[in-house]
Amino acid sequence: MGTGKLTIDLDALAANWRALDAMSASHVQTAAVVKADAYGTGVAKAGRALAAAGARRFFVAVAEEGAALREALGPGPEISVFGGHMPGDTDMIHDLNLVPMINSVDQLTRHLEALPGSPFGIQLDSGMNRLGMEPAEWAAVRDIVLDAGPRLIMSHLACADEAEHEMNPRQLAEFLDMTHGLAVPLSLAATGGILLGPDYHFDLTRPGIGLYGARPFVDAHRVVDLDLPVIQVRDIKVGESVGYGNSWIAERPAKIATVSGGYADGITRHLSNIGVMFFEDTPCPIVGRVSMDLIGVDVTHLDVSPASLGLLGPHQVVDDLADATGTIGYEILTQLGHRYTRHYARGRM
Ligand SMILES: *Cc1c(COP(=O)(O)O)cnc(C)c1O
């Protein structure tokens, strides 16, 4: 097998959902955010595993993602769309029974005219300035919205991964202010907001990243492993170089393994000459530049010739790789390539 092997532990995913669900009171519903192909893990398999764990409400970014999820889950679970009701979405929203989270007066008009009586939610902007109605906009349409019976009113926190950030209470106060006295289910918290405590939970939480095993849910089970097969091993002499641009030059005789995987698989070039892979418990430095399909790894210190090396596993989780390359776990996960052979494992935990 020439491609990398991506292992996704569906039991760990389900256990993470249950753990996040257990952090809020029993009257608070815990949804599952499965946008971007379930953060790169595969929306059909992840969606079904989360539904089996007990999730009844799912969120995606755009209606097209809702279509793939509906096919996987069948008619029961509620699927909401953060992007709301975009031009051209009407048939999909209607036929697949999606619930758009309306962002603006334009979207509200589109939805109420095209699909009167069809379910929707409302997104309010409590300070992030990304999606949702501003306070004045909301005040202008509030009565029309309440007449139409929204299923949910939600907002999103900008700094919830920093528990002490003053933005959190500020957005909480703004959201409370905008929703005061309404008899409509409310939602403010994603993974970070769940960890901020019950004041932030309202009626529904919307965890994403924590399900997939990354910060800010530091107690999460690891969901993703990635192993890359070794295609060739060679001995090189002092002064010889490895890879494009001769960026690594041997200062001692070395044994270099060339593994199958590269930036076309979402393994960033920023790992060139700084990243490590693992053979069992032993770290092996990435040497030379990460190229499109191949990576050089120094295995001089191993006493066996490895068949494969691990990039994600027990010694290096998604957040470690993110830290090494100046990004976040979300980006590592959503960049996972499509050439890997995917294994959906059960019970590796
Ligand atoms: C992505 C997203 C979530 C999930 O956030 P995590 O930080 O991954 O838990 C929740 N709500 C909205 C509006 C989002 O865009």
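Q: What makes the largest pocket in this predicted model a pocket, and which residues lie nearest its centre?
A: A pocket is an open set of grid points, with protein on both sides within 12 Å along at least five of seven lines. The largest one has a lining of 37 residues. Nearest its centre are Arg130, His156, Leu157, Ala190 and Tyr330. Its volume is about 720 Å³.

Q: How do you know where the largest pocket lies relative to domain 1 (31-212) and domain 2 (224-345)?
A: Look at who supplies the lining. Domain 1 (31-212) and domain 2 (224-345) both contribute residues, so the pocket lies between them.

Q: Which helices each supply at least two residues of that lining?
A: Helix H2 (35-39), helix H9 (191-196), helix H10 (318-324) and helix H11 (329-334) do.

Q: What is the lining of the largest pocket made of, by class?
A: It has 20 nonpolar, nine polar and eight charged residues.

Q: Why is a space called a cavity, and how many of 30 Å³ or more are there?
A: A 1.4 Å probe fits inside a cavity but cannot get out. The search of the whole structure finds two that reach 30 Å³ or more. The largest cavity has a volume of about 100 Å³. Its lining has 14 residues, and Gly266, Ile267, Leu311, Leu321 and Ile332 are the closest to its centre. By class, nine are nonpolar, four polar and one charged.

Q: What lines the second largest cavity?
A: Tyr212, Gly213, Arg222, Val223, Val224, Val317 and Val318 line it. The space inside is about 30 Å³. Five of these residues are nonpolar, one is polar and one is charged.

Q: What makes a set of residues a nonpolar core, and which members of the largest one touch the most others?
A: The members are buried residues of listed nonpolar types, joined through side-chain atoms within 4.5 Å. The largest core has 74 residues. Leu13, Val34, Leu50, Phe58, Phe59, Tyr212 and Leu309 touch the most other members. Both domain 1 (31-212) and domain 2 (224-345) give residues to this core, so it lies between them.

Q: Which residues does Phe59 contact, leaving aside neighbours within four places in sequence?
A: The contacts include Ala31, Val34, Phe82, Met101, Leu152, Met154 and Leu204. Lys35, Ser80 and Arg206 are also among them.

Q: What other core lies apart from the largest one?
A: One of 21 residues, among them Phe120, Val141, Leu186 and Phe202.

Definitions and conventions: Residues numbered from 1 in each chain as written. Predicted model: local features only at pLDDT ≥ 70, side-chain atom pairs only at ≥ 80, totals over all residues. Heavy atoms only, no water. 1 Å grid on protein atoms, 1.4 Å probe; cavity = no way out; pocket = protein on both sides within 12 Å on 5 of 7 lines; lining within 4 Å. Points joined across faces, edges and corners; volume = space filled by probe spheres on them. Nonpolar A, V, L, I, M, F, W, Y, C, P; charged D, E, K, R; others polar. Helix = DSSP H or I, 4+ residues; strand = E, 2+ residues; numbered from the N terminus. Domains from an automatic or database assignment. Buried < 20%, exposed > 50% of the residue type's maximum accessible area, 1.4 Å probe, protein only. Contact = heavy atoms within 4.5 Å.
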